[in-house]
Amino acid sequence: MKKLVPIIVILLIIISCKGEDSVSCAICNSSQTIAFEVCEESNGNASVNGEDTETLYATYIADLEAAGATCVN
């Protein structure tokens, strides 16, 4: 029984951490735009000013940089 309690605690910690949604953001700008925020939502998509772009974050950032924008975290 004493061995079962730590196992249950560890499982509860793992399960509770999976539910956390973290959002990471970058500030992007170019010679043609003012600075704006691009965030990676929990579904993996990029959002700009809170609007989901329906494009994966990595793809969206890569496309911005290919077009001449600079993005920093």
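Which residue does a disulfide join to Cys25? I looked it up: a disulfide joins Cys25 to Cys39, with S to S at 2.0 Å.

Ground rules first. I am working on a predicted model, where local features need pLDDT of at least 70, side-chain atom pairs count only at pLDDT 80 or more, and totals for chains, interfaces and linings use all residues. Residues are numbered from 1 along each chain as its sequence is written, and side-chain values use heavy atoms, with hydrogens and water left out.

Entry on the count. I find two disulfides in the structure. I take a disulfide as a pair of cysteine sulfur atoms within 2.5 Å. Counting bonded cysteines along the chain, I get the pattern 1-3, 2-4.

Entry on Cys25 and Cys39. I read 100° about the S-S bond, and the link is right-handed. The pair links distant parts of the chain, 14 residues apart: Cys25 sits in strand β1 (residues 24-30) and Cys39 in strand β2 (residues 33-40). Strands (E, at least two residues) are DSSP runs, numbered from the N terminus. I then checked accessibility. Cys25 is partly exposed at 27% relative accessibility, whereas Cys39 is buried at 8%. Buried means under 20% relative accessible area, exposed over 50%, and partly exposed in between (1.4 Å probe, protein chains only).

Entry on Cys28 and Cys71. These two form a disulfide, with their sulfur atoms 2.1 Å apart. I read a torsion of about 115° about the S-S bond, so this disulfide is right-handed. Distant parts of the chain are linked here: Cys28 lies in strand β1 and Cys71 in strand β5 (residues 70-72), 43 residues apart. Buried or exposed? I find Cys28 buried, and Cys71 too.

Note on methods: Helices (H or I, at least four residues) and strands (E, at least two) are DSSP runs, numbered from the N terminus.
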